[in-house]
Amino acid sequence: MSGTQAGMTAAQVRAWLIDRVAFLLELRAQDIDPDAELAELGLDSVYAVMLGGEIEEEFGLVVEPTVAWDNPTITVLAGHLAAELGVR
Amino acid sequence: MPDLEALFGDPFAEANPVGFAAVLAADERGELLPEGEALLTGYGLGAEFVPTELGGRFDRADRMAAVLRAVFRRDCALGLGHGVTSFIAAAPIWTSGNAAQRNWVAEYLLGGGRLSAAYTELAHGNDFTRVETRATRTAEGFVLDGRKELVNNAARADAAVVFAKTEDRPGSRGHSHFLVDLAAVPAGSYRRLPDFPTVGVRGCLLGGFEFTGCPLPGESLVGAPGEGMETVLRAFQVTRAVLPGMTLGALDTLLRLAARFAAERRLYGRTVAGLPHAGATLAGAFTDLLICDCLCTVAARALHVVPEQAGMLAAATKYLVPRLAQDAAYALSVLFGARGYLREGPFAMAQKIIRDLPVLTFGHANAAVCQSSIIPRLPRIARTVGEPAPEVLFRSDGELPPLDFGLLTLDYRGHDRVLLLLEGLPGEVGLPGVFEAELARWRDTAVKLAPRDTIILAGRAGFETSHRYALLLAAASSVGVWLANRDRSPFLDGGAWIRAALRRLGARLGRHGGDPAEEDEELGRELFARCADGVTLDLAARPLGRSAGTSRGRGTGR
């Protein structure tokens, strides 16, 4: 993972999050519901904090450790990150 | 402040109202020793849990652990039931409470009040995000409904901190803390559940609450709505870092009893202490106690010195220390034989401590839960390098910056500054190259952990890697404490204990080596000298309580 943020679209941010969650849960990307709560998908509170760290590494952003608590689905989180990155 | 040990007096004096005989009699009755509670109330133990800026004596986490360790040396039940429970409940208030709540809890604890920490529900264990007790918003405030179980002092506390659901949706923003003044809510809106009978700490009142439409004023909410999990993950870094250090007092007493037993008991024509296996058992338990103290010292001081790393140290300490203490207690129970199983006679305290110790492995975060909070962070730690921790982290009497709850973080950015001590160990500690190799091997495993092994569903690989991480942290902490405190006593300076510590930790990592006989002999000499002098068996070697008029022997400065 390394600062791939340049020129990313909101759809790409969302696709990255789906891939990341699928990878962690050892599921196929098409089996991940982007509108389900991360907690329902099987990512507990501690892991959601770690996802914040991975987001920082991937997008070169500084985010609150609780970013994935406050934006609890992939769709909502992607929207939040896209706004932070200034992409659409 | 008077010294608690001096107030407690000689534990072995039959007539001492807070001696072991009285502690055992209270345990048989299944109650907390009333004279012990009175003594601690007179001492103002509650002030130990209240920050100095609010009028208490809590300014250093390591000092708090040392004070409470004296209580645990006397009686685990008193330490939990009269002590640490109130601190566990207060920590969320110090973390997220407003000025009025902080002042209220400070005054309550300074006045000798007991605060219950109402988290647990039997159906959900440590899985706090599934807690079902619910606080529903009303025009006047909230209404609380649900049951809390296995709550210390529920039968008699006048106030409680209650963790309750405030949102319907799942996730980590669904719960909040409430500070409940039980004297102020309407009678009949809650009841106190009967106490659960237990194997150990039988004097503790482990009960519960059932809330039924219990109205709470709006100002009882602690922090912002939904901030409960965040508060827990900060506040419990402090409690989980200090609790294991307090409980080492129990192992201290068990080991002293074992040394006394081994010196008195004659078998096969010699004292038990003269049997090589028994001597090795005593030296091993003594070494394990020192290892535990090193890890606890570093975990407590880290809250002040490297707060951004404190969470990992706290989790590793709460995981490993009860386990090492439990293993040491088992080894000592073999030495005691039947004498460690009898509920009467001069060594009856041994069976009590052996029954009491297991509560520490699951009480206030079960071992597996602590490991689960470590596991997701391991790959990131393993692939980042940086500066080693400063010496002040390890020096027991060194000055500390204030503890700022606001600096405790949920995430864990970057490297581990304690582990780095294992790179380039001085030759004096023995086992050349072993810990450097084990650290490299651990890093290699941790960065390659399968993704699934880094989440709550982690399998053996994740847990094994976190176990090895905790052992490496214990080794690094021991080396750090040794290097930073060599001038404090000839024993701490001499290399025997650190060589023995690394040998034992190396063996737990699967690296057996060398002949421990020489170190065991020196540790045995130190152990029996400390028992004869009446000083504690931890790093501090403090004077123990004595009968009035008894001279003080060599005391500290060993």
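Mentor: Let us start with the salt bridge, which is a side-chain nitrogen of Lys or Arg within 4 Å of a carboxyl oxygen of Asp or Glu. This is a predicted model, in which local features need pLDDT of at least 70 and side-chain atom pairs count only at pLDDT 80 or more, while totals for chains, interfaces and linings use all residues. Residues are numbered from 1 along each chain as its sequence is written, chains are lettered from A in the order in which they are written, and side-chain values use heavy atoms, with hydrogens and water left out.

Trainee: Why is the pair B:D397 and B:R395 called a salt bridge?

Mentor: The N to O distance between the side chains of B:D397 and B:R395 is 2.9 Å, and the limit is 4 Å between a nitrogen of Lys or Arg and a carboxyl oxygen of Asp or Glu, so the label applies.

Trainee: What makes B:D487 exposed, and what is B:R395 by that scale?

Mentor: Buried means under 20% relative accessible area, exposed over 50%, and partly exposed in between, with a 1.4 Å probe and protein chains only. B:D487 has 60% and is therefore exposed, whereas B:R395, at 22%, is partly exposed. These two residues also form a salt bridge, with their closest N and O atoms 2.9 Å apart. B:R395 lies in the loop between α13 (378-382) and α14 (434-447) of chain B and B:D487 in the loop between α15 (460-484) and α16 (490-493), so the pair ties together parts that are 92 residues apart in sequence. The helices here are DSSP runs (H or I, at least four residues), numbered from the N terminus.

Trainee: Where do B:E526 and B:R530 lie, and are they buried or exposed?

Mentor: Both lie in helix α18 (residues 517-533) of chain B, four residues apart, about one turn of the helix, and both are buried. The closest N and O atoms of B:E526 and B:R530 are 2.7 Å apart, in a salt bridge.

Trainee: How do you know that chain A and chain B are in contact?

Mentor: Contact means heavy atoms within 4.5 Å, and 24 residues of chain A are in contact with 23 residues of chain B. Across this interface the rule finds four salt bridges; in one of the structure's salt bridges, the side chains of B:R383 and A:E57 meet at 3.1 Å, N to O.

Notes
Helices (H or I, at least four residues) and strands (E, at least two) are DSSP runs, numbered from the N terminus.
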